[in-house]
Amino acid sequence: MKSLEYPFDAEEILKKKKSIKKQLLADDAITFIEKKIAILGGETTQNIKLMLELFLLNNGIKPVFYESEYNQYYEDGMFPNQELESFAPDLIYICTCIRNIVDFPLVSDTKEIVESKRQALVDKFFGLWDAIRDRYHCPIIQNNFEYPFFRLMGNKDASDFHGRVNYVTTLNCAFYEYAQSHDDFFICDVNYISASYGLDKWSDPFYWHMYKYAVAVPAIPYLSFNVANIIKSIYGRNKKAFNLDLDNTLWGGIVGDDGVENIEIGQETSMAQTYSEFQDYLKLHKQIGVLLTVNSKNDEKNALSGFERPDSVLKRDDFVSFKANWNPKSINLTETAKELTLLPESFVFVDDNPAERAIIEGDVAGVAIPEIKEVEHYIQMIDKSGFFEVTNLSSDDLKRNDMYQENAKRQQLQSSFTDYTDYLKSLEMKGEIREFVPMYMSRIAQLTNKSNQFNLTTKRYSQSDIEKVAENSNYITLYGKLSDRFGDNGVVSLIIGRIEGQHRDELHLELWLMSCRVLKRDMEYAMMDELVNKAKQSGIKRLVGYYYPTAKNAMVKDFYALQGFTKVSEDSDGNTIWKYDITDSYEVKQQVIDIN
């Protein structure tokens, strides 16, 4: 919904929150996943919760909330709480603020006394987080502290250990160290958000003394928007790629009309510097696994010439797809998505032309389309939209661009073969299929939340969920890695099966998914082979598979049939149940991957 995309009208959202919620729930184009979210507040959280709900619904997440009483965040999280335990949260958000710091340094305090106060508060929060992790085994989002709205010592407040600004800075650093050493723990950077909004407006004391809101009510949507970005990232609702126009987007001017020598890029003018800074910003995204693609109405030769300039930050090799032609951009984007085995909704379309943006919005559902205007503000507009919020950064993320470049080489090789099996053998593929191990827990959780097309049940798991399943003897888990002579694709396939039956001889497959970047490589058959082998070792005699149709996973509707399962039932919604009786005569299905 456009009204919930950055830059939004915060006051309008607050005013129309009920009607906006009604529209979102009635939108048939949104496929919701339901998540139970507990908000433990050190301030009033009612409007924070209501705004958070809207932004989550807009990202396809339907929240059910538990909300602590005012300033009961510590008691609710630290001690046994039957109501919260029965609620069984999928995620806990601790909404605290600088008003929850009651023991600030005094100017008369020694350095040792200040440090003891700081350590006592740090220990309180560390103990709270550890207790929540041990009891609820779910992701935690914690606010850091905003700066105080006054400085007793003026500028010295930041450098002197007595200063409140200095004290808040050291507390925040302690929070960051905890985040760096604990998975599934995330900081909502209220310190940055409040600074960006304007600290004086954010911390207006009127709202605290009148309503016990530490954040001014008009600023609440900005806080909730950022919390929602973290949650949607945890549950795999991030974007994955830029789809970029060229003329007046990546450089100033029209390369075909003005000539490559006259476009604005480099350091010669202030405008050229601005475009170079934007290119540099885009290139930085490759470090976090975001893909760059081109979608330009241009002759390809002219388009390429812009990146051949020595002062262009971006080069042709930075793009995993390059479409410069005279086709409608909606067709180019759709074809790019298909070639990269991504959904169109994975893309952020960046184009200075509002007419082109309107066409994409009307023709390609789900694409993010920031309303960019002056080039000086391109970066801020895109950055504050939170399209690529990072929660977990796996080794696969760091090399994703290389993986897609390697896939292009595989496609070139395929075109030289007439026999597909010969092509697969030429790849010299090596697979690793084993039970879940700690090394890959982050990637495994990430894959469950990102994979939509080759996903039989589309169940979503946090890293804590994955760790619990891996430790449970009632489950069989498998991950699959795949590499070949072009490179390593990393972890690309997962299976989670629950052991059931009176004699513990049935394995019910709760999850079976595979990354689409390794489609048609026989990895699914290799996983089936290893699953049967592992099931036999555990005394399993029957596999039970489930397929739950969504708007995105139609490609695996007949997957179990292809694996030799028999359909047991199908309901009116198309949900199907399949069975496979394991026999000693099982024949290995794949012959082209060297496993383990």
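In this predicted model, helix 23 (residues 523–537) lies across strand 10, strand 11, strand 12, strand 13, strand 14 (542–547), strand 16 (576–581) and strand 17, and runs at about 145° to strand 11. These strands belong to an open sheet of eight, arranged in the order 15-16-14-13-12-11-10-17 with mixed pairing. The edges are taken by strand 15 (566–570) and strand 17 (593–595); each has a single partner strand, so one side of each is left without a neighbour in the sheet. On average, and with direction ignored, neighbouring strands are turned by 25° against each other.

Turning to helix–helix packing, two packed helices are described by the angle between their axes and the distance between the axes. For helix 6 (residues 111–136) and helix 7 (residues 164–181), the axes come within 10 Å and cross at roughly 30°. The crossing of helix 6 past helix 7 is right-handed. Helix 6 contributes Val-114, Lys-117, Arg-118, Leu-121, Val-122, Phe-125, Phe-126, Trp-129, Asp-130 and Arg-133 to the contact, while helix 7 contributes Tyr-167, Thr-170, Leu-171, Ala-174, Phe-175 and Tyr-178. By residue class, this contact comprises 11 nonpolar, one polar and four charged residues.

Technical notes
Residues numbered from 1 in each chain as written. Predicted model: local features only at pLDDT ≥ 70, side-chain atom pairs only at ≥ 80, totals over all residues. Heavy atoms only, no water. Pairing = 2+ DSSP bridges. Helix = DSSP H or I, 4+ residues; strand = E, 2+ residues; numbered from the N terminus. Axes fitted to C-alpha atoms, helices over the stretch in contact; angles between N-to-C directions. Contact = heavy atoms within 4.5 Å. Left-handed = near helix turned anticlockwise from the far one by under 90°. Nonpolar A, V, L, I, M, F, W, Y, C, P; charged D, E, K, R; others polar.
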